[in-house]
Amino acid sequence: MEKFVYLFHEGNGNMKGLLGGKGANLAEMTRIGLPVPYGFTITTQACNAFYEASKTIPTFVEVQTLEALTRLEEKMGKKLGDPKNPLLVSVRSGSVFSMPGMMDTILNLGMNDETVIGVAELTNNPRFAYDSYRRFIQMFSNVVLDIDTYYFEQLLEEIREEKGYSSDPEMSADDWKEVIIGYKGIVKKHKRKDFPQDPKEQLFLAIHAVFNSWNNQRAIVYRRLNKIADHLGTAVNIQSMVFGNMGNDSGTGVAFTRNPSTGEHVLYGEYLINAQGEDVVAGIRTPQPIATLKDEMPGVYKQFTDTCKRLEQHYEEMQDIEFTVEGGKLFILQTRNGKRTAQAAIRIAVEMVEEGIIDKKTALLRVDPEQLDQLLHRRIDDKFEKRVLAKGLPASPGAATGQVVFDADEAEQLNNDGKKVILVRPETTPDDIHGIVASQAILTSRGGMTSHAAVVARGMGKACICGCEALKIDLKAKQFTIGETVINYGDIITIDGSTGEIMLGEIPMIDPELSDEFQMLLAWADQERKLGVRANADNPEDAKKAFEFGAGGIGLCRTEHMFMDLKRIPIVQKMILAETYNERMEALNLLLPMQQGDFEGIFEAMQGLPVTIRLLDPPLHEFLPDKEELLVEVTKLQILDPQSPELKKKEQLLKKVRQLDEFNPMLGHRGCRLGMIYPEIYEMQAKAIFYAAAKLADKGIEVQPEIMIPLVGHVNELKDMRKLVIDAALLVQEETGKSFKYTIGTMIEIPRAALTADKIAEEADFFSFGTNDLTQTTFGYSRDDAEGKFLQAYIENKVLPDNPFAVLDQEGVGKLVETGVKLGRGTKPSLKTGICGEHGGEKSSIEFCYKTGLDYVSCSPYRVPLARLAAAQATIRHEQNKQEVFTTA
């Protein structure tokens, strides 16, 4: 028969899938000879059998549980329900992955009206016995019988007040007896039956409750947030009780083998003398720092510190340990890998290498790349108690405080006056770029994690919250409301882009610190990784930041962002509104030196590293005023000042806006289609690149421009645009006498481009996969609409595993990437390939890029360290998997 119950000595630490994390650790500690209260584990498979049997414990599980109970009774020399020498046990959940506080626990099981007398006589401590019994009744009634704890707490409070006590330790044995009678009355009233006295009935009811708690609401939500599979189930751990509340030679506590906040190699934790575990949590008494245990119980402290060292050496990881001392004897109740801050994770990993506990590859795998974001941005001081008004999508990490503004021009103006501002908009557009630059942070009521505001903010390293639907913005009144709270223009707010939280007023911040350990870990990552890491940067400041963070070049420079400067917008609009070629050239000639200056700054910041420059991509109407706002202005002028010269100008502008207006701009006249119809625009940009390269050559800096043609769907588009760029290069070479090393490639962001990549590769030196648009065109989703309307519901209902704009859809979009790489290299084996969508900074997507054979990923400057670490982890895991396959074979 299949085994569903394991005594602790029958298991080991490698059986987490079957015994759960807690059960496997208890088994492992028993195996290596640590003082663990004895017990057994009912497996996760038994939990699945419970659900298959319509939430009933199968007979075979009952039989094996009773057999294990008999073995436990023999081991302990006590018996469950024996009035003279009773065995008392705890019943605890234990899932494969740690889910702290999500499922249920019952302590002191086995107590009833008879065994409580036996416990009182055995311990010579009636107060302890009756206190333990009332705790059991309360916990069992809440967890198993589903009676709200409130009723028990209310009764206890009434009895305390009646007797003039201020805390539980003042209660005597007789007082607890009175409480127990009251507690039983509560059970009788709510359940119409007596509190169960048979310990075996108590045991199976408790097991049923723990299995059932796998699907309680908080556990389901926790699993969804932490991407834990629903089918894993929970184990149940039955363990003989030890008591820390048996006098002054007893106690209980929790300790970490290193400081979980800083990573410092010192024992960190607290304990209470003469207390049970929940007393520490309940806050009834103030715990003592673990270091003072050395004075209270020197022998126990020495044994505990030795045990901590042994556990850390054994698990090769910082441990979080629960312990109890009963009558001067130490018991270890649980150990698990300790949760820690990003700063601590890095320090612990590096110091464990220096101490010889782990090697560098293990250290690199220990740090979650996503944690690095915490270290690169300002964050809210954890010591401060914050009052959260609302939550939106945490679109770009970091925290910021500033005055509320609702307009990009106001943001720029106030910033110039030395004020710190937060730009609040329903959503942002490219028109708002100058306001985003001027702001500390951005807050929108619409849009998702990859909306315009989110993408631009991440690129600049600014905090951003998007899609906060609780925000009701009134642009006319210059205010927004959240429930009953009204926030006006100029009011101070604080936002946390890492959590999506919005708070009123100014909140203390902690500045980012890049420790020596952080730099060392990234240096190790660079030694391991095979995948290049570049940055998306649109200006010299971002390029400089990317270089500082270790980027190996620029993977995407979006030239349209350079057009958004307030001084340039009138010239750009003049170019768009031009009726003739000559008028357009006049405007382009003014823009050319501006673009050249931008490129010079970026090339210089990157000090000779490759820079991929994407020629103009968005539709032209994005550079013009909003159609609806313009219509209102024209209508007002027609009524109030019909002879105004301004009216004629605005009517002409409105006419052009209407001409350029498109039903679906994402699929309209943009990208290379602009270059095909208005080749002079792309020609101006290409010349600006080559003039900049010539200027840098004069400074002794050799640049490597990679010129990228966006939105190519057919090889003929790339063929024409390639010729245009080559002609521009020849013209500048002839004019300056300088020769240039450059390449021409395309952004693969349309399914047809991926499917015909063999043809397109004939005209391309490189491919860069623009997975933001490739995801939109593959799914047929409009990104902002999808994220704002149905995508979250899809994820919650498990229609999709993740937001495909945040985590690369490897089955669909990924297949197109693989196809594009394979077909492209079939034509041109040396074809360079990279990815420059938002996915370039997401760890699982980076691993996919490595496996697919891409040469590099490109992400926002502030995600470069994350990408460097994730790329190293992908290489290490791949090598480990190859080694495992080789060993198995």
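1. In this predicted model, the side chains of D230 and K798 meet in a salt bridge at 2.8 Å, N to O, where a salt bridge is a side-chain nitrogen of Lys or Arg within 4 Å of a carboxyl oxygen of Asp or Glu. The pair links distant parts of the chain, 568 residues apart: D230 lies in the loop between α9 (217-225) and β5 (234-240), and K798 lies in the loop between α32 (791-796) and α33 (813-827). Helices (H or I, at least four residues) and strands (E, at least two) are DSSP runs, numbered from the N terminus. Over the whole structure, the search returns 49 salt bridges.

2. On conventions, residues are numbered from 1 along each chain as its sequence is written, and side-chain values use heavy atoms, with hydrogens and water left out. As the model is predicted, local features need pLDDT of at least 70 and side-chain atom pairs count only at pLDDT 80 or more, whereas totals for chains, interfaces and linings use all residues.

3. Eight strands form an open sheet of mixed pairing, in the order β12-β22-β21-β14-β15-β16-β17-β13; two strands pair if DSSP finds at least two bridges between them. At the edges stand β12 (388-391) and β13 (393-396), each with a single partner strand, so one side of each is left without a neighbour in the sheet. From one strand to the next the twist averages 30°. The strands β12 and β22 (residues 501-504) run antiparallel and are joined by three bridges, with E501 in β22 as the bridge partner of K391.

4. Helix α16 packs on this sheet, touching β14 and β15 (421-425), and its direction makes about 180° with that of β15. Contact means heavy atoms within 4.5 Å, and axes are lines fitted to C-alpha atoms, for helices over the stretch in contact, with angles running from 0 to 180 degrees between N-to-C directions.

5. The second largest pocket has a volume of about 880 Å³. Of the 38 residues that line this pocket, V437, M460, K462, N539 and D542 are the closest to its centre. The elements giving two or more residues to the lining are β14 (399-405), α16 (408-416), α17 (433-438), α18 (452-460) and α20 (540-548). By class, the lining of the second largest pocket divides into 16 nonpolar, eleven polar and eleven charged residues, counting Ala, Val, Leu, Ile, Met, Phe, Trp, Tyr, Cys and Pro as nonpolar, Asp, Glu, Lys and Arg as charged, and the others, Gly among them, as polar.

6. One cavity of 30 Å³ or more is found in the whole structure, and the largest cavity has a volume of about 40 Å³. Its lining consists of D373, H377, S396, P397, R458, S860, Y862 and R863, which divide into two nonpolar, three polar and three charged residues. On a 1 Å grid over the protein atoms alone, a cavity is a set of points where a 1.4 Å probe fits but cannot get out, a pocket is an open set with protein on both sides within 12 Å along at least five of seven lines, and lining residues have an atom within 4 Å of a point. Grid points are joined across faces, edges and corners, and a volume is the space filled by probe spheres set on the points.

7. Elsewhere, strand β30 (residues 832-835) runs parallel to strand β29 (residues 766-769), with four bridges between them, and F769 stands opposite I835 in β30. Two bridges join β30 to strand β31 (residues 856-859), again in parallel, and Y856 in β31 is the bridge partner of G834.
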